[in-house]
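My entries follow in the order of the look-ups.

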Amino acid sequence: MSNPEIKIKAQPAVDPQVCKFTLDCEILPGRAVKCRNKELAFGAPLFEALFAVDGVREVLISGGEITVAKLSDEPWQVLGKHIGAAIRSVIESGQSLVPPEWQSKELDEGYIFKEVQQILASRVNPGVATH
């Protein structure tokens, strides 16, 4: 896809850790895909590029919108410039942004175990400790 200038509009959400980036073109028509972290981004060039931006926590792509959640305290005005550059770079490269088969890939047991441990530590253990 070769665009002379890809226009991207950033709109911070009510949640200060979330911002929606609206493109002037649909990049995934009729599809919505979500990636929860850098490890899962492998094999999807757009997700890989977005998670390469320091501070990105989670990404949702739907049609011509990309919603990004951040980890850092970096203001969206600063982080958004890096995110916009990452989006433009992948689109202009002509690569498949998120291959259709990407969503169907299986998670390895180690990753699932790590996620369950994190949920238990951050949500269950504090609740049990208060009783």
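I began with E3 and E4, which run antiparallel and are joined by 5 bridges. Helices (H or I, at least four residues) and strands (E, at least two) are DSSP runs, numbered from the N terminus, and two strands pair if DSSP finds at least two bridges between them. This is a predicted model, in which local features need pLDDT of at least 70 and side-chain atom pairs count only at pLDDT 80 or more, while totals for chains, interfaces and linings use all residues. Residues are numbered from 1 along each chain as its sequence is written, and side-chain values use heavy atoms, with hydrogens and water left out.

Next I took the sheet. It is open, has 5 strands in the order E1-E2-E5-E4-E3, and its pairing is antiparallel. Strand E1 (8–12) and strand E3 (28–35) each have a single partner strand, so one side of each lacks a neighbour in the sheet. On average, neighbouring strands are turned by 20° against each other, direction ignored. H2 packs on this sheet and touches E1, E2, E4 and strand E5 (65–70). The direction of H2 makes about 40° with that of E2. For such angles, axes are lines fitted to C-alpha atoms, for helices over the stretch in contact, and angles run from 0 to 180 degrees between N-to-C directions.

I then looked at Val59, which sits in strand E4 (residues 56–63). Val59 is the bridge partner of Cys35. Its relative accessible area is 1%, so Val59 is buried (under 20%; exposed is over 50%, partly exposed in between, with a 1.4 Å probe and protein chains only). Beyond four places in sequence, Val59 touches residues including Val33, Phe47, Leu50 and Ile66 (contact means heavy atoms within 4.5 Å).

Glu58 is also in strand E4. I noted Glu58 as buried, at 16% relative accessible area. Its side chain makes a polar contact of 3.0 Å with the side chain of Lys34 (a pair of N or O atoms within 3.5 Å; within protein, one must be able to donate a hydrogen and the other to accept it, and residues adjacent in sequence count only if both atoms are side-chain atoms).

Last, I searched the whole structure for aromatic pairs and found 1. The ring centres of Phe21 and Trp76 are 6.1 Å apart and the planes stand at 65°, so the pair is edge-to-face (centres within 6.5 Å; planes under 30 degrees apart are stacked, over 60 edge-to-face, the rest tilted; Trp by its six-membered ring). Phe21 is in strand E2 (residues 18–23) and Trp76 in helix H2 (residues 76–93), 55 residues apart. Phe21 is buried at 2%, and Trp76 is buried at 10%.
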